[in-house]
Amino acid sequence: MVIVNAFAYDKNSSAFYGEQVRAETKEEFNAKMKEFEDTIPFSKYYTELVCTNLELTEEDEAIIEDYEVEN
């Protein structure tokens, strides 16, 4: 299982929006990230994804490979 803290930062203010995404599979992670992106309340923003797992296995890396995730 991977646990990623997903944040969206408003480019027009100091506001941010975030949630924790937990997934067992790549499909589940991608679906949850799509849900997160669809709920971002800002028109102009940038995102930051931070993995909370201390060590990632090859399986974990495969789950998050479609996104740029910091570890």
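The paragraphs below go through the salt bridges and the parts of the chain they join.

The model is predicted. With a cut-off of 4 Å between a side-chain nitrogen of Lys or Arg and a carboxyl oxygen of Asp or Glu, the count is four salt bridges.

Begin with K26, which pairs with E65 in a salt bridge whose closest N and O atoms are 2.5 Å apart. K26 belongs to helix α1, which covers residues 26-38, while E65 is in the segment after α2 (58-64), so this pair ties together parts that are 39 residues apart in sequence. K26 also forms a salt bridge with D66, where the closest N and O atoms are 3.4 Å apart. Here too the pair links distant parts of the chain, since K26 is in helix α1 and D66 in the segment after α2, 40 residues apart.

How exposed are K26 and D66? K26 has a relative accessible area of 24%, which makes it partly exposed. D66 is partly exposed as well, at 46% relative accessibility.

Another of the salt bridges joins the side chains of K34 and D38, with an N to O distance of 3.0 Å. K34 and D38 are four residues apart in helix α1, so about one helical turn separates them. K34 is partly exposed, its relative accessible area being 45%. For D38 the value is 53%, and because exposed means over 50%, D38 counts as exposed.

How values were computed:
Residues numbered from 1 in each chain as written. Predicted model: local features only at pLDDT ≥ 70, side-chain atom pairs only at ≥ 80, totals over all residues. Heavy atoms only, no water. Helix = DSSP H or I, 4+ residues; strand = E, 2+ residues; numbered from the N terminus. Buried < 20%, exposed > 50% of the residue type's maximum accessible area, 1.4 Å probe, protein only.
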